[in-house]
Amino acid sequence: MASPDRGRPGEQMSQQTLLRVVAKMTIPFILVFGVYVILHGEIGPGGGFQGGVILAAAFILYGLVFGADELRRRIPPPIIDACMALGALFYASVGLASLLRGGTFLDYGMLKPHHAGDGEALGMSLVEYGVGLTVCSVMVTIYLMISERRSTIRPGEEGL
Amino acid sequence: MELVLPEAIHAHLPVLVVLLPLFGGLLALFTGLIQRGGGFVAWLWSAIITGLILVCAASMLFEVHTTGEAMVYRLGSWPEQYGIGYSVDALNGYVILVVAIIGFLSTIYAKDSVMAEIARDRHHLFYSVWLLAIAGLIGITVTADTFNIYVLLEISSLTVYTLVALGGDRDRRALVASLKYLILGSIGATFILLGIGYLLMLTGTLNMNDMHEQLVRMHQSGELANNRTVFVSFALLMVGLSLKMALFPLHLWLPNAYTYAPSAVTALVAATATKVGVYMTFRFVFTIYGGVYDSSADLYFLGLCACAGVVISSMAAIRQMNVKKVLAYSSVGQIAYIVLGFSLANESGVTASVIHIFNHALIKGGMFMAVGAVALRAGGTKIEDFKGIGRKMPLTMAAFTVGGCGLIGVPLTAGFISKWYLVVGAMDEGYWGIAFIVLLGGVLALVYIWRLVEIIWFGKPDDPTKQVREAPLSMLIPMWILIGASVAFGVDAGWTADSAHAAAELLLEGGP
């Protein structure tokens, strides 16, 4: 067991000027790069998964330097949970939209029936955005869960 | 930009049965935002979604039986060789209906059970994962693409691990059980993936029918005569699938996972998850390898494992001190019957397997529901909790007893019909030993069921002042629908036998 004197994880890091400044400077660039990888994924290397992980790295860096509690305060867990579901829902909705427009499920060509090629490009991009959102929020959730210090063993109960 | 609605929604049914729980599960997460009564809203939403799935599944099976042809659906309109195809025929239409029926009834049943067993702030998560598990199970059954099977298998497995772990609110041993299930389940899934990979290497396709055609072509040109790849892929698949369906020596994850999972989860998983594993095995053994690779020697090995499983797990069931564990070991034995049936590879044997998928789902689903009702009212599922409980919860325990008769295989119950076909199948091949083992399994089932029945109806409660009430109607109705159906299909097995025959004929077309 860690002694209580050591404080919460990240507390000391947040007091170091160098780390604070460098983190604050790099985070915007990481975010932009993540968005770029997601947007670019349809025609080049990258895509929703890779981009989502890069985006999550920005949030995790913030959490490491300023503390997980601070990250939790900035983006509350209910919002991250909602983003996880929203990304996947967005993906499925693109598939459903093509179904409702007379094609089969995930038939992107039907998104623009007169320009099937454009429709396919559009469908692929939209799907990648959904993947990016879900992957990013899942990664952040995993980080928050691991950094959680609250023991789930309730008082009066034996550990396993 | 006008919306072109599909001419007839029935063309989309094969994908709708997966999309409904997928969308439903993701949307159920948002009920967590409702401050008060969010758990009830989540339950109502799940009940509506599973009800709609049941309607879709029933109309699909009806259409398949009336037209006599498989319903094929191509995702993204890709040709089947490249894209993912969903196809529904007499076999998987039937399995989807089983999953849909159990899914709907156990959702209805879950309301009170989940209220009592799971922390209030997790109800939206529970129902979300619950619907995603149903999406995975139905997806495995509906798809005709082997890699898609693996993906959906992972969805259903991961969600089931979570559902089992949610039992940790009531008993913390659920977490260990879930972890064990996760490790063994992942090993099984890896074997399955490797097997699919070798098949892809050999045939260059992932579509089941296409794979089968390629294998037949290679078989006819003699390329498969001494081909190790086909043998290795078959072996890997069989090991992985045996783990997933809990065939005897690989069943170790099952008893604890079933015992410590929340009651509603046990009812759903016991009745569907292993059955879907059996369905996958059917597909691989008969649809893909059928008539290509002489697998009869290897099926003989599966039959041997199944025989051992019937006897040993039934004997283990006799010794258990927790009623859920008795039923869990009994499930291992019942899965062994199903495997024994199709390992005979003749018509009666395969019919027995297919019919027992349905009958066992009804019986075990109903019995686990009865045990869950006791957990709710008496606070536990140990043998002591059941002493003399028949007088306090007569309707629940009557359902349990009738279900127990079905496990034994008493005439006029559904269990008898399955065993009848199984014994006929064994006799057709001249395997008297197997017929004897089936009967021995019945006797052992009589022992473990009678032990419980005696305690339930004639036992004296340890604490006579303890107040125990009858289970609520929301539990009794789904329980009695399942148990009642198991008796109804035992008295008149016309519909189940016809469906199972159609499915067995379809499987044996190629000949193993």
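Why does Ser343(B) count as buried? Hold that thought for a moment. This is a predicted model, so everything I say is computed from it.

Back to the serine. Ser343(B) has 27 C-beta neighbours inside 10 Å. The cut-off for buried is 20 or more, so Ser343(B) counts as buried.

Where does Ser343(B) sit in chain B? It is in helix H12, which covers residues 323-343. Now look along the chain to Ser331(B). Twelve residues separate Ser331(B) and Ser343(B) in sequence. In space, C-alpha to C-alpha, the two are 18 Å apart.

Which residues does Ser343(B) touch, once neighbours within four places in sequence are set aside? The contacts are Leu299(B), Tyr300(B), Leu302(B), Gly303(B) and Ala306(B).

Let me zoom out to chain B. We have 18 helices and two strands there. Chain B has 512 residues, and 60% of them are buried. Ser343(B), as I said, counts as buried too.

Next, overall shape. A compact globule of 512 residues would have a radius of gyration near 24 Å. Chain B comes out at 22 Å, which agrees. Taken along the principal axes, the C-alpha atoms fill a box of roughly 75 × 70 × 40 Å.

And the contacts? Take those in chain B with a separation of 6 or more. Residues 24 or more positions apart account for 80% of them.

On to the neighbour, chain A. How many residues does each chain bring to the contact between A and B? Chain A gives 19 residues, and chain B gives 21. The chain A side divides into twelve nonpolar, three polar and four charged residues.

Now the record for chain A. These are unreviewed UniProt annotations. The entry lists residues 21-41, 47-67, 79-101 and 121-146 under "transmembrane region". What does the model show for two of those spans? Residues 47-67 of chain A are 90% helix and 0% strand. The end C-alpha atoms of residues 47-67 are 29 Å apart. Residues 79-101 of chain A are 96% helix and 0% strand. The end C-alpha atoms of residues 79-101 lie 31 Å apart.

The unreviewed UniProt entry also gives a domain. Its annotation reads "domain: Na+/H+ antiporter MnhB subunit-related protein", and covers residues 19-141 of chain A. In the model, residues 19-141 are 80% helix and 0% strand. The end C-alpha atoms of residues 19-141 lie 23 Å apart.

That is the tour. Questions, please.

Definitions and conventions: Residues numbered from 1 in each chain as written. Chains lettered and ligands numbered in written order. Predicted model: local features only at pLDDT ≥ 70, side-chain atom pairs only at ≥ 80, totals over all residues. Helix = DSSP H or I, 4+ residues; strand = E, 2+ residues; numbered from the N terminus. Rg over C-alpha atoms; globule rule 2.2 N^0.38 Å. Buried ≥ 20, exposed ≤ 12 C-beta atoms within 10 Å, placed from the backbone. Contact = placed C-beta atoms within 7 Å. Nonpolar A, V, L, I, M, F, W, Y, C, P; charged D, E, K, R; others polar. UniProt positions renumbered as here; feature names shortened; annotations may be inferred.
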